[in-house]
Each structure stands twice: as structure tokens, then as C-alpha cells.
Amino acid sequence: MDTPGTVRRWHLLDNGAQLARRGVAPVGTLLCVHGNPTWSYLWRTLLAAGSNAARPWRVVAVDQLDMGYSERSGTFRRLADRVNDLGDLSDALGLDGPVVTVGHDWGGVISLGWALAHPEQLAGVVLTNTAVHQPAGSEIPPALRLALHPVVHRWGTTTSDAFLRVTHSLAHPPLSADIREAYMAPYRGARRRAGVGNFVADIPADASHPSFPELTRIAEGLRRLKVPALMLWGPRDPIFSDRYLKDLVSRLPHADVHRFEGAGHLVAEDRDIATPVFQWLAVHGGVSGSGSPAAEATTAGDQRLNDAAEPAPGTFRPLWDSLGERGTGPAKGDIAVAEMAPDGKVSRSLSWHQLDRNIRDLASGLREAGVGSGSRVSLMVPPGVDLTVALYACLRLGAVVVVADAGLGTKGMGRALKGATADFVIGIEKALAAAAVLGWPGRRISVRDLPAARRRILGVETSLAALVGQGGSAGPGLPTNTADPAAPAAVLFTSGSTGPAKGVLYTHGQLAAMRDTVAETFGIRSGARLVAGFAPFALLGPALGAVSVTPAMDVTAPRTLTARALADAATAIDATVVFASPAALRNVLATQDGVSAAGHKALEGVELLLSAGAPVPEPLLARVQRLLPRASLHTPYGMTEALPVTDISLAQVQAADAEATAGTVAGAGNGVCVGKPVHGASLAVVPLAADGTAPGSDAVTEAGVTGEILVSAPHVKEAYDRLWLTQRESASVPGWHRTGDVGHFDAAGRLWVEGRLAHVVTAPGVVVTPVGAERAIERLDCVGLAAITGVGPAGTQAVVAVVETVPPSRKAGLASPQFAERVRGAAREAGVDVSAVLVVPAQPTDVRHNAKIDRTRLSRWASRVLAGGRPGEP
Amino acid sequence: MRVLVTGASGLLGREVARLLVRQGHAVTTFQRRPSGVDGATDFRGSVTDDAALRGAAEGAEGVIHLAAKVSFTGRAVEFDEVNVEGTRRVLRSARAAGVRDLVFVSSPSVANSGTAIVGLGAEPADPKHAHGNYSRTKAEAELLALAADGPDFRVAAVRPHIVWGPGDTQLVERVLARASRNRLPLLDAGAALIDTTYVDNAASAIVAALHRMEHVHGRPLVVSNGEPRPVGELLAGICAAGCVPAPSWAVPGGVARAAGAVVEKIWTWSGRKEEPPMTRFLAEQLSTAHWFDQRETRELLDWKPTVSLDDGLARLAVHYGSGHSPS
């Protein structure tokens with residue numbers, strides 16, 4: 001661009017001199033490149049953190065030429081020029097030693113251009129909301145199209161400060177006035193904004209653009225980069241949305257990715273990115289290659305409570321392993337999966353042979369449609385035959401199934417699906433309509449054949465039925481019957497009762513381990529016949545060799561399972577096992593009058609009931625026992641990240657409670673007893689500190705020590721999906737998953753769960769875990785659900801009991817003095833001093849389980865009321 | 001130790017003097033009426049009288065200054081004279097007499113501008129924003145007292161929050177009198193969390209301050225039972241102990257605060273002596289949260305309350321002959 005020897009004046013932020021003055025030798029240099037229309041000010045938090053880090057880094061944040069406070073060159077500098085400019089600058093600065101590039105927006109591309117040109121110095125790349133490639137078949141974002149439009153371009157970017165203002169308005173929460181002012185400061189006056197306009201004009205909207213070859217060169221070059229990469233992303237970005245992140249991940253598949261849910265384009269303003277960047281640099285060193293924290297895991301000498309039988313390595317059998325055998329074996333004509341209709345009849349079923357065949361055919365058809373190893377396929381199909389076939393077909397192809405259930409609510413589901421960036425969506429019509437309206441990503445496949453017009457509106461390409469047909473006629477079957485146990489297989493979602501739902505990634509090996517754990521712990525083997533009223537376990541049915549039937553219910557709303565529907569399903573297959581959530585069981589008990597004599601007879605045949613998803617109160621189980629007189633009733637404890645973790649039966653619950661009351665077993669009591677670890681699992685706790693956190697990393701199992709519960713098992717999740725920071729925190733005790741639950745062991749080795757770590761109340765001198773007092777209060781005769789929460793500053797909180805009364809109170813507010821005294825007395829017996837007692841007509845609970853109380857909301861409400869505000873509703 | 005206690009005829013002052021006597025100290029009491037404290041030397045006089053104060057302070061090593069004009073009503077000059085100038089005189093006399101330690105008994109209202117207090121420590125006294133003459137003059141006096149702190153004359157301020165007990169005319173008798181005439185409303189449903197101090201606990205904390213001067217001088221400390229309760233429940237507890245029906249009607253807090261402010265003005269202007277039916281101060285006390293972080297106080301004083309809220313209510317019930325615990 002410039003003739004050799006041209007001198008340009010740059011403005012940059014650099015802590016190098018400061019470090020030198022302190023006599024500190026930095027580990028390396030962060031070379032930070034802003035985008036359009038910001039300047040080096042964007043990286044100020046990295047500068048401060050770089051100087052103060054335990055192992056300091058030099059941080060050089062540049063203002064690109066024609067931008068910020070750097071020289072106005074009077075030229076139109078294109079992408080290739082800017083990459084050269086940056087190289088000239090780094091030469092002039094004499095940057096030696098390892099360099100990690102940091103980029104944002106179009107600065108991301110330029111930083112990557114520098115990275116490719118300096119392989120000998122490059123130690124890593126950090127990217128925030130940027131893009132290197134316009135994914136095929138998609139247009140550039142509307143906001144940029146507008147800025148590029150000839151009518152708008154000059155006025156919008158240069159003549160006026162509109163482009164600056166719009167960019168600044170993308171911050172969530174909004175920027176304060178002084179920060180907005182700082183971003184605007186170097187761009188006062190149209191003459192200082194020429195660079196802003198040129199930057200926009202240099203966006204290669206198509207292949208004919210002069211900068212297109214350079215962009216393509218960088219985008220393709222990325223695939224060769226093997227240095228550690230970190231992507232920090234704000235998904236609320238109208239320009240660089242999740243699909244660009246997905247594209248970058250496909251080029252740098254080894255990258256660590258963290259999406260800050262709720263943050264936007266200016267992610268460096270919306271969230272603290274300095275802490276994660278330097279944590280990441282500490283892990284990756286920047287110099288001596290990439291040691292992953294998991295590789296450092298040592299478990300030598302730590303204590304754990306476990307079932308001795310660890311599964312032997314090398315025995316991996318994929319989830320679908322036995323299906324082929326069954327499909328051709330002697331029982332191939334028997335029913336494998338079935339669905340019930342509301343009238344009590346079987347509405348649909350497949351034999352083992354048909355199931356195997358359908359899975360193979362669909363897998364072939366999906367492969368034809370472009371689904372391959374690593375493709376992400378979102379399944380928006382209610383539990384039943386279609387979901388089972390689709391799930392196993394995807395797994396066989398090595399695709400990653402994304403299962404976002406309606407229990408997350410529409411908003412939560414949309415967030416989850418956008419974050420997981422599915423390549424394909426297989427859905428029922430209703431789900432596809434939502435996907436079309438709300439712009440959820442992925443090519444769309446309907447369950448049923450839809451009329452052409454409807455297909456067009458919903459953007460549906462094909463249907464499961466059509467794909468099965470194509471697959472069946474495709475000739476050669478699937479190439480292999482194996483899978484890489486370490487390859488990703490599924491993304492499930494947490495219920496989101498403690499913040500936005502998190503994607504949880506499982507490998508094939510972990511799914512297979514889940515199957516084996518369920519088989520070993522509960523003795524569910526081939527030949528078992530199960531009623532699947534609870535989705536996560538239900539999908540394991542075919543893998544376990546068990547016949548599964550889906551009862552007639554709205555599976556997204558567990559409360560819709562009636563006793564009659566349960567009995568009908570049990571009758572249809574002579575069920576031996578029932579899976580049902582606690583909320584479903586409540587409704588079953590409430591509707592048990594509707595069960596016929598034949599239905600009762602079928603229910604008498606049930607040998608095992610598993611109820612999971614939320615704590616199941618003992619009185620509820622005792623009533624269920626009368627309906628299922630021969631069944632062993634189990635309430636496994638677990639979480640989306642580890643299903644299941646422990647197991648306990650009704651009889652064991654009763655024994656544990658009796659021992660807690662009698663005080664005969666040390667540590668028994670104060671919480672819900674969830675029993676002992678399931679097959680293959682180990683448990684321990686990290687003790688709580690006085691401030692209500694679990695800061696240490698000592699895994700202990702002494703009776704009576706309360707701490708954050710740790711679990712280790714072959715079926716624990718691989719990672720949180722695109723949540724590098726969250727994953728790192730959850731795995732901070734090497735070899736363990738931190739559950740975020742608190743509890744303790746008793747002397748008999750049973751685990752007692754005391755609540756969520758985030759819900760611990762810190763009263764003066766005492767850390768109060770909620771569950772013990774809640775259970776004591778719930779034993780009062782006129783109480784439904786109780787919640788213990790705290791108001792006031794951490795460390796000196798006042799303990800508050802929020803109680804749902806039976807019958808419900810007319811309105812929410814202060815309890816009567818008499819009732820308050822009874823609640824206070826009950827809590828005192830559990831060792832908790834309660835300051836105030838509030839009553840509510842109904843506790844706010846989550847959609848998925850109808851059981852997890854929204855404590856954040858409750859605590860906010862209690863704080864308002866008890867400060868003297870108007871009660872209103874929680 | 002020889003200790004002078006001013007204002008020993010009040011509920012709290014008497015309890016402080018008695019406790020010091022029990023601990024074996026030589027106690028001088030100073031107030032206008034007889035203190036009625038056995039074992040103490042009683043000096044009669046007013047804090048507006050320099051000569052009397054000098055006499056009382058003679059030979060004392062420690063002073064606990066409680067004497068104050070405590071009221072919802074009255075003219076500003078009266079509060080200034082007793083609370084501000086009276087404190088100035090006490091400080092002067094004590095210094096002149098060679099006193100080493102002085103505990104100024106203050107009130108959390110010196111730092112309260114009417115908003116809810118949720119688990120805070122002792123914020124600085126703020127006469128400009130304190131509501132009402134009492135709080136304003138106590139705030140000025142506390143600043144005076146703490147400014148006098150030095151290595152040879154150590155001064156600490158202790159702020160007990162809402163002191164009550166049997167025979168208490170400030171809170172208990174007022175609540176009972178109003179409730180028995182059905183003139184005690186619950187403001188905003190009575191859910192505001194309020195911490196209080198049973199008189200024995202307030203007295204032991206004040207005496208503890210005198211013994212722990214090396215840790216507490218030069219600063220204010222809020223003292224309370226550390227048992228916040230919804231105000232409605234607290235009032236119901238007091239009413240049950242006093243055998244009167246609990247308040248049953250509710251008024252929005254904002255209305256009561258506004259009405260209280262008006263009534264307060266009229267009462268002061270008209271010079272009426274009896275307590276007004278509602279004041280802004282009272283409305284604030286009854287409708288916004290007031291509770292405090294007690295961790296530092298307890299650590300510095302090496303003290304904790306010995307009478308719980310419920311024990312206190314039970315003692316109140318015995319006092320009023322209702323005989324049974326309010327629960």
C-alpha cells in the first residue's frame with residue numbers, strides 16, 4: 001500500500017515499559033486488535049490484568065491506522081494492507097518471544113492474518129465476536145447489509161456518527177455515559193471517521209470484492225493453526241451471531257469456547273474477559289505447549305466413597321450394540337417400542353426387527369441428506385417411537401444429538417438451541433413452526449410428511465418417513481457398527497433453575513456407561529418391560545434390551561400422567577418397571593380412582609419403580625407403594641451432568657429417617673437421604689467454609705462434614721458445551737465433577753443432600769443449608785412446600801422461611817404470629833433460627849420438574865417485603 | 001473502678017448502674033430524680049449544671065453518659081441544651097476530673113435518614129440527615145464525644161437499638177397504651193424486620209465497652225439482640241405479654257409517614273406536652289427494616305446477649321402478670 005520507507009504514526013496502549021521499570025520479565029505478549037468502530041480502549045481491562053497477573057504479560061493494544069488516535073493516512077487500507085501494517089508495527093516494536101493475538105470484530109480477522117504470518121512467534125489466539133467466512137447459503141447480517149448500502153454507507157459511517165452510536169448501543173447492559181464518551185472521543189468530526197467508512201466498505205460481501213481473496217486465505221489458513229485457541233463470545237450480537245462462532249469452531253476444533261449468555265457484540269464491555277483470558281493463559285502457558293488441566297488430574301491419596309466395581313476398560317459397547325442382534329434373533333417379532341393412545345389402546349409399535357431396520361434405514365437416509373459424524377442434530381420430538389428411532393439413527397451416524405425439551409420454556413429452548421448451533425432440526429410440526437418463527441438454526445426435517453405449502457412456510461426439506469424410505473432403498477447398509485467412545489454423542493440441557501440452561505456434552509463412551517450403570521444398579525436387563533414416563537431413562541430402554549411403552553400423556557408436563565394412563569400402559573406390555581417423575585406420581589395418586597380392576601392387576605405386576613428428577617418425599621412414596629404393592633420403589637439422585645449418582649429405596653429411606661430421629665448413626669439427618677453411590681460411581685465432598693462457599697479442593701468423606709458434593713463415574717458428562725469457564729470450575733477438583741449441591745455423609749456411608757451451594761444462607765457465625773429445616777417445617781400438618789432463604793448481606797443474613805400453606809393462603813405476606821411460632825419451633829428443632837416467616841399461596845417452581853423452587857425470585861421478594869416494601873406476589 | 005453513670009433513673013441507666021455495682025465497682029449516679037440504685041452514691045443534678053457535674057465527676061475513672069432528652073416532641077432548643085450542650089459539659093467535667101474512659105450512649109437513629117437498614121454496621125453519625133430533634137442532637141453529641149477521644153481520654157459510643165424491658169416507658173408502655181385504645185396500626189402489613197435490644201443486654205454491652213476501651217475507643221458500635229423480627233410479630237408479642245389485643249388494622253406506611261410529619265409539626269408548634277398519636281419518626285420505625293450486622297460489635301466487645309427476644313417477652317409477661325409466655 002505505502003511505498004517502502006513510509007513512516008506512519010500509531011497510537012497504542014503498552015504496559016511493556018511499566019513492567020520493565022518493575023524489573024518484571026513478561027511471559028509473553030498479548031497483541032490486541034480492535035475492530036470497527038472501536039479503538040484500543042476496548043482492551044483496557046487486559047492491560048491492567050496483564051500487569052497484575054501472577055505471571056505478568058506484556059499487553060500491546062493498537063489503534064489501527066485511520067482509527068482511534070492513530071494517524072489518518074488519507075488512503076483506503078484494505079484487509080491485506082492492514083495485516084501488513086500490523087506486521088510492520090510488530091517489527092518496529094521489536095516484539096520477540098511468544099505472542100498471543102487477541103481480536104474483536106474485523107480486528108479478529110486482522111489478528112489472525114498476523115498470526116498466520118508469524119508462526120514462529122505465535123503461542124495462541126484469542127477471539128471475541130468475529131468472523132472469517134460467510135457460511136455458504138447465508139447472507140451477511142442485515143445490519144451490515146444496511147451499512148454497506150450505497151445510499152446509507154457514506155452518511156451512516158462517515159458523515160454522521162450513526163455507525164458508532166449503533167455499535168455502542170449493542171452493549172448489554174448499556175454502556176455508562178463516560179465509557180460511551182471514551183469510545184466516541186477519537187471519532188469526533190467526519191474527517192476523523194474516514195477509516196470507519198472504509199472499514200465497512202472493505203467487508204467482502206461476495207467473491208468479487210477485492211478483499212475476498214485475503215479473507216479466504218486467512219479463513220483457510222486457520223485450519224492449519226495448531227496453537228491453543230480461546231473464543232469468548234457474546235451471543236446477543238445481531239452481526240457476529242452463533243453461526244460465525246460455529247464456523248470458527250469448525251476451523252479450530254481444538255479451541256476452548258465460552259459463550260457468555262446474555263452478553264452481546266461488545267463482550268469485553270459486557271463481561272469480565274480479563275479473568276478468563278489470564279486463567280486460560282495460565283493453563284496453556286503460552287510458551288510450553290498446551291497442557292490441559294484434565295491431564296494433570298491426580299487422584300492419588302484422596303478419599304472417595306464408591307462401589308468397588310469399576311468397569312474394566314476396553315469393554316466399550318456402543319449404545320445400540322445389541323439392537324442388530326435382537327433385530328435378527330429369535331424374539332425379533334416381539335414388540336420393542338410402543339406408544340399409548342388416550343383411549344387405552346396401543347397406537348403405534350415396532351418389533352425389534354422393525355426398530356433395528358427403521359434405525360438403519362433412517363441413518364442411511366440422514367446420511368444421504370448430509371448428516372455425518374459430528375453433525376449436530378436437534379431432536380424436537382416428544383418421547384415415543386419417532387424419538388427413539390431418530391435418536392439411535394443419529395448416534396449410529398456419529399452425529400451429536402441435541403435434546404432441548406419443552407420443559408425449558410420457549411425462551412430457554414431457543415437460547416439453548418442457538419447456543420448449540422444445530423446443523424439439522426428434526427421436529428414435530430409445532431416445534432418446526434417455533435423454529436421458523438423464532439429463527440432457530442439448522443436445516444429442518446419434519447417427523448411426518450407435510451403438505452408442500454406447509455413445508456415451504458416452515459422451510460422443511462424432508463421428513464423422517466421420506467428419509468426412511470430413501471434409506472431403505474439406498475442399498476448398502478451402514479459401514480460400521482462401532483463408534484469412538486471419546487467422540488461427542490449428545491448435548492442435554494440442565495433445567496435452568498439456577499441460571500440459564502446449560503448444554504451438557506456426553507460422549508458415546510459416557511452414554512454407554514450410563515446404560516451399564518442403570519443395568520447394574522437396578523438390574524434392568526433384556527426382557528424387562530418398562531413404562532417410560534420420564535424421558536432421560538426412557539431412551540435407554542432399547543439399549544438395555546427392554547421393551548418400552550410411552551404412556552398417553554403430555555411428556556413435557558409430568559403432571560398430566562393419570563393413574564389410568566399409567567395402568568393402560570402397564571397392561572399393554574405387562575410392565576415390570578415404571579419410570580415416572582415425582583410430579584407425575586403426585587397426579588397418579590390424585591387420579592387413582594380412575595383405575596379399573598384390570599389396571600390394578602397390571603400395576604400389581606410392576607416390580608420396580610424409579611422416580612427421579614427431584615426429591616421424592618417419603619409420604620408420597622408410601623402412598624405410591626399402596627398402588628404398586630409388589631414394586632420396589634427407588635428414588636435415584638442425580639443431575640443432567642450425571643445420571644444417576646446414588647440410589648435409595650423406600651425401605652432404606654424409612655430406615656435412614658428412623659436412624660436420624662433416634663440419633664443412632666452419626667451424621668444421619670439434616671437433609672434428604674439419597675443413599676449410596678450407584679454402580680461405578682464415587683462420591684466425596686469439598687467442605688464448606690464460613691462464608692458459605694466450598695473454596696478448597698480436598699475431597700473428604702468423613703461423616704457429618706457438610707460440603708459441595710463431588711461425583712466421579714464413567715457416566716459423568718464430558719464437558720459443558722461451549723462454556724469453558726463453567727466447565728473449568730466444575731472440574732476444578734481433579735478427577736471429580738463439582739455438582740453445585742451441598743450435603744454430607746453419615747457413618748453408614750449414605751449421602752444426605754442439604755440443598756444447592758448457591759442457596760446456602762450465611763447467618764452470623766453459622767452457615768445454614770436449607771433442606772434440613774425445610775423438611776422439618778414441611779412435617780407440620782398445614783404446610784405444603786417450604787423454602788429457607790436469607791435476606792441481608794452475606795455473612796450476616798437473617799434466615800427467612802417462606803411457606804406454602806394447606807389450604808393455600810389468600811395472599812402472600814407475613815404469617816400470623818401463631819403460625820410463625822410453630823414454623824420457628826419446627827426449624828429450631830432442626831437447628832435453624834428463623835427470623836421471619838412468610839406465607840405464599842404457591843411456591844414459584846420450575847417447568848420441567850414442578851419441584852425446584854425459584855429461590856432467586858423468592859429471595860428477591862422476601863428481601864423487598866421484609867425491608868418494609870409492599871408484599872405483592874413472589 | 002470508680003464509675004459515674006449519668007441518667008441512671010431511666011430504664012437503661014438504672015440497669016447499667018446496678019450491673020456495675022454487682023461487678024464491685026464504686027458507682028456514682030447522677031440525674032435529676034433519685035436513681036433508686038442500691039449500693040450507688042446518688043448525686044442529684046442536671047447536665048445543664050456545670051458545678052453539679054464537676055462534683056459528681058470528682059475522683060471518677062470512668063464515665064457512662066446516658067442522660068438525654070428522649071422524646072418525640074419538644075422544641076429544638078430544649079434538645080440542644082440537654083443533648084448537645086449537656087454532653088459538652090459532661091466531657092469537659094470528666095476531662096477536668098482526670099477521667100480516663102467515657103462511654104457515650106447513643107442511638108442508631110443518629111445515622112438513619114429514614115431508609116431501610118438491612119444488616120448494616122455502625123455508619124457515621126449524620127446530624128444533617130437525621131430525622132427529628134432527638135436524632136439530630138444525639139448525632140451532634142456523638143460527633144462531639146468521639147472527637148474528644150485521645151490516648152489519655154478514651155471515648156467510645158455505644159448505640160443500643162430500641163431498648164425495651166419490664167417498666168419501659170419508651171416502647172412497651174407506649175405500645176400497650178396505644179393498642180389498648182386500638183390506636184396502634186400495623187404499617188404495610190407489619191412485615192419490616194426490626195431488631196431490638198432487651199435492656200439487660202444493652203446494659204451488659206455498655207459495661208463491656210467500658211472494660212474493652214482499648215478495642216473500641218474512638219468509634220461507634222451498634223448493639224442489639226441480633227434477632228430481627230417482623231415488626232408486626234414483635235408488637236403482637238408485646239401485646240400478648242401485656243394482656244392487650246394485638247393491632248388488627250393496617251395503614252400504608254407512606255400514608256402514616258406523611259400524616260406523622262404533619263402531626264409532628266402541629267404538636268411542636270402548639271406546644272402540647274403529651275405524645276402525639278403518630279409521628280414521622282414512629283411511622284418510619286414501624287414501617288421500614290432496621291437491623292444490623294452485629295459480628296464486629298460482638299467481637300470487639302467480647303460480648304453477647306444473655307436474654308433472647310423470646311426470653312425477654314416471657315419476662316415481660318411475668319412483669320405484667322399475664323404469667324404465660326406470649327407464644
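Analyst: Happy to; below we go through confidence, a sheet, the chain contacts and a single proline.

Analyst: This is a predicted model, where local features need pLDDT of at least 70, side-chain atom pairs count only at pLDDT 80 or more, and totals for chains, interfaces and linings use all residues. Residues are numbered from 1 along each chain as its sequence is written, while chains are lettered from A and ligands numbered from 1 in the order in which they are written.

User: What does chain A average in pLDDT?

Analyst: Chain A averages 90, and 94% of its residues score at least 70. pLDDT is the predictor's confidence in each residue, from 0 to 100.

User: Which element of chain A has the lowest mean?

Analyst: That is strand β8 (residues 305–306) of chain A, with a mean of 58; strand β27 (residues 707–712) of chain A has the highest, 98. Helices (H or I, at least four residues) and strands (E, at least two) are DSSP runs, numbered from the N terminus.

User: And where is the pLDDT below 50?

Analyst: Residues 287–302 of chain A are one such stretch, with 19 contacts in the model beyond near neighbours in sequence. Residues 307–311 of chain A also stay under 50, and have twelve contacts beyond four places in sequence. A contact means that two C-beta atoms, placed from the backbone, lie within 7 Å. Where pLDDT is low, the predicted coordinates should not be read in detail.

User: Good to know. In what order do the seven strands of the open sheet run?

Analyst: The order in chain A is β1-β3-β2-β4-β5-β6-β7, with mixed pairing. At the edges are β1 (11–14) and β7 (256–259) of chain A, each pairing on one side only. Two strands pair if DSSP finds at least two bridges between them.

User: In which sense do β2 and β4 of chain A pair, parallel or antiparallel?

Analyst: Parallel: β2 (residues 29–33) and β4 (residues 99–104) of chain A share five bridges. A:C32 stands opposite A:V102 in β4(A).

User: Switching topic: how many residues of chain B are in contact with chain A?

Analyst: There are 26, and they touch 19 residues of chain A. On the chain B side, α8(B) gives the most, with four residues.

User: Last one. Why is A:P210 called exposed?

Analyst: Because A:P210 has 12 other C-beta atoms within 10 Å, and a residue is exposed at 12 or fewer, buried at 20 or more and partly exposed in between, with C-beta atoms placed from the backbone. A:P210 sits in the loop between α9 (194–201) and α10 (212–221) of chain A. The C-alpha atoms of A:P210 and A:R78 are separated by 8.3 Å, though the two residues are 132 residues apart along the chain.
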